[in-house]
Amino acid sequence: MKKYGAKVLALAAAAWMAPAGFAGVIVQATGISSPQGTQSASGYELIQIVNQSGLSAAYTSGVTDFDTYLASTTHNSGDEYTTTNTGFTNTLGGFPQIITFDLGGVYSISGLGFWATANIGTVTQFRLFADNDGDPNNGVGTQLGGTFNALANGGAAGPGQVFSFGTTLTQFIHLYVDDSSWIDNEVYPGIGEVVFNAGASSEVPEPSTTMLVLIGVAGIAIGRRR
């Protein structure tokens with residue numbers, strides 16, 4: 001009985017130490033906005049950046065492995081004359097422009113998956129900032145990494161690009177567009193698709209029901225032993 005009690009206590013300790021949340025999975029933004037507005041033409045709104053349109057395979061937010069998916073999934077944005085499955089702001093040129101992503105909850109984020117668009121306005125340089133709200137006009141929080149440079153490789157089968165940064169707990173991420181592929185910048189900046197890489201939560205987990213039950217069982221076992 002003594003060994004049984006020790007074993008249950010060990011299981012309880014494991015339940016306490018097990019991290020909560022996700023580990024290396026895709027998280028899909030539930031909302032997207034920009035101070036520069038969004039294109040109103042059907043098929044070109046900002047929501048196109050986060051609705052899986054044009055991706056060669058579907059994913060399940062909170063379940064699909066981030067690295068595997070980015071390595072194997074392409075995005076179809078047509079060509080520069082017949083662009084599809086792309087979201088644009090509603091302001092010509094003038095940088096930076098800001099696109100804000102709402103993850104719908106607080107996650108521990110460590111990377112961004114990015115698919116370019118075949119359009120000449122495809123975003124080629126950007127910065128990322130975590131924030132505690134969705135309003136970039138009242139200040140932003142921690143910068144995530146440095147300045148990122150994206151390839152203008154969008155098309156009928158544009159590959160995914162991965163941009164990694166230090167793990168940050170946040171709900172809102174602002175993407176500051178600093179440049180696009182068009183030389184005179186007189187275009188609407190656009191992106192094919194974006195997802196986020198969520199790791200395990202850095203918050204200390206509360207005692208789980210399973211852990212409390214195991215500790216109770218262990219206590220009974222030890223009491224009987226005595």
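Mentor: Let us begin with a definition: a salt bridge is a side-chain nitrogen of Lys or Arg within 4 Å of a carboxyl oxygen of Asp or Glu. Please keep in mind that the model before us is predicted.

Trainee: Which side chains meet in a salt bridge here?

Mentor: The general idea comes first: side chains of opposite charge can pair when their charged atoms come close. In this structure the count comes to one salt bridge. The side chains of R127 and D178 form a salt bridge, with 2.8 Å from N to O. Since R127 belongs to strand 6 and D178 to strand 9 (residues 161-180), the pair ties together parts that are 51 residues apart in sequence.

Trainee: Is R127 buried, exposed or partly exposed, and why?

Mentor: Buried means under 20% relative accessible area, and exposed means over 50%. R127 has a relative accessible area of 21%, so it is partly exposed. Strand 6, to which R127 belongs, is mostly covered, as seven of its nine residues are buried.

Trainee: What is the secondary structure of the chain as a whole?

Mentor: The chain has three helices and 11 strands. Read from the N terminus, the order of the elements is α-β-β-α-β-β-β-β-β-β-β-β-β-α.

Trainee: Which strands does strand 9 join, and how many bridges are there?

Mentor: Strand 5 and strand 9 run antiparallel and are joined by 13 bridges. One example is G111, whose bridge partner in strand 9 is S164. Strand 6 and strand 9 also run antiparallel, with eight bridges between them. There, Q125 stands opposite D179, and L128 stands opposite L175.

Trainee: How does strand 6 pair with strand 7?

Mentor: Those two strands pair in the antiparallel sense over four bridges. L128 stands opposite L144 in strand 7, and L128 also stands opposite L175 in strand 9.

Trainee: How should I read a pair of aromatic rings?

Mentor: Such a pair is described by the distance of the centres and the angle of the planes. A search of the whole structure finds 10 aromatic pairs. One of them joins Y59 and Y69, an edge-to-face pair at 5.5 Å centre to centre with 80° between the planes. Y59 lies in the loop between strand 2 (31-33) and helix 2 (66-72), while Y69 lies in helix 2, so the pair ties together parts that are 10 residues apart in sequence. Y59 and Y69 are both buried.

Trainee: Why is the pair of F126 and F148 tilted?

Mentor: Planes under 30 degrees apart count as stacked, over 60 as edge-to-face and the rest as tilted. The planes of F126 and F148 stand at 35°, with the ring centres 5.5 Å apart, so this pair is tilted. F126 is in strand 6 (residues 123-131) and F148 in strand 7 (residues 143-149), and the pair links these distant parts of the chain, 22 residues apart. F126 counts as buried because its relative accessibility is 0%, and F148 counts as buried because its value is 11%. Ring pairs also link F114, F126, F148 and F163 into a cluster.

Trainee: Which residues of the largest nonpolar core touch the most other members?

Mentor: In soluble globular proteins, nonpolar side chains tend to be buried together. The largest nonpolar core here has 29 residues, and I49, F101, L112, F114, F126, L128 and F196 touch the most other members. Strand 5 (97-115), strand 6, strand 7, strand 9 and strand 11 (193-200) each give two or more residues to this core. The largest share, six residues, comes from strand 5. F101 touches residues including A29, I49, F172 and F196. A second, separate core of eight residues includes Y59, F66, Y69 and V195.

Trainee: What surrounds T168, and is T168 buried or exposed?

Mentor: T168 lies in strand 9. T168 is buried because its relative accessible area is 17%. Leaving aside residues up to four places away in sequence, T168 touches Y107, S108, I109, A130 and L144. A polar atom of the T168 side chain lies 3.1 Å from the backbone oxygen of G166.

Trainee: How much of the chain counts as buried?

Mentor: Of its 226 residues, 42% count as buried.

Note on methods
Residues numbered from 1 in each chain as written. Predicted model: local features only at pLDDT ≥ 70, side-chain atom pairs only at ≥ 80, totals over all residues. Heavy atoms only, no water. Phe/Tyr/Trp six-rings, centres within 6.5 Å; stacked < 30°, edge-to-face > 60°. Buried < 20%, exposed > 50% of the residue type's maximum accessible area, 1.4 Å probe, protein only. Polar contact = N/O pair within 3.5 Å; in protein donor to acceptor, adjacent residues only side chain to side chain. Contact = heavy atoms within 4.5 Å. Core = buried A, V, L, I, M, F, W, Y, C linked by side-chain atoms within 4.5 Å. Pairing = 2+ DSSP bridges.
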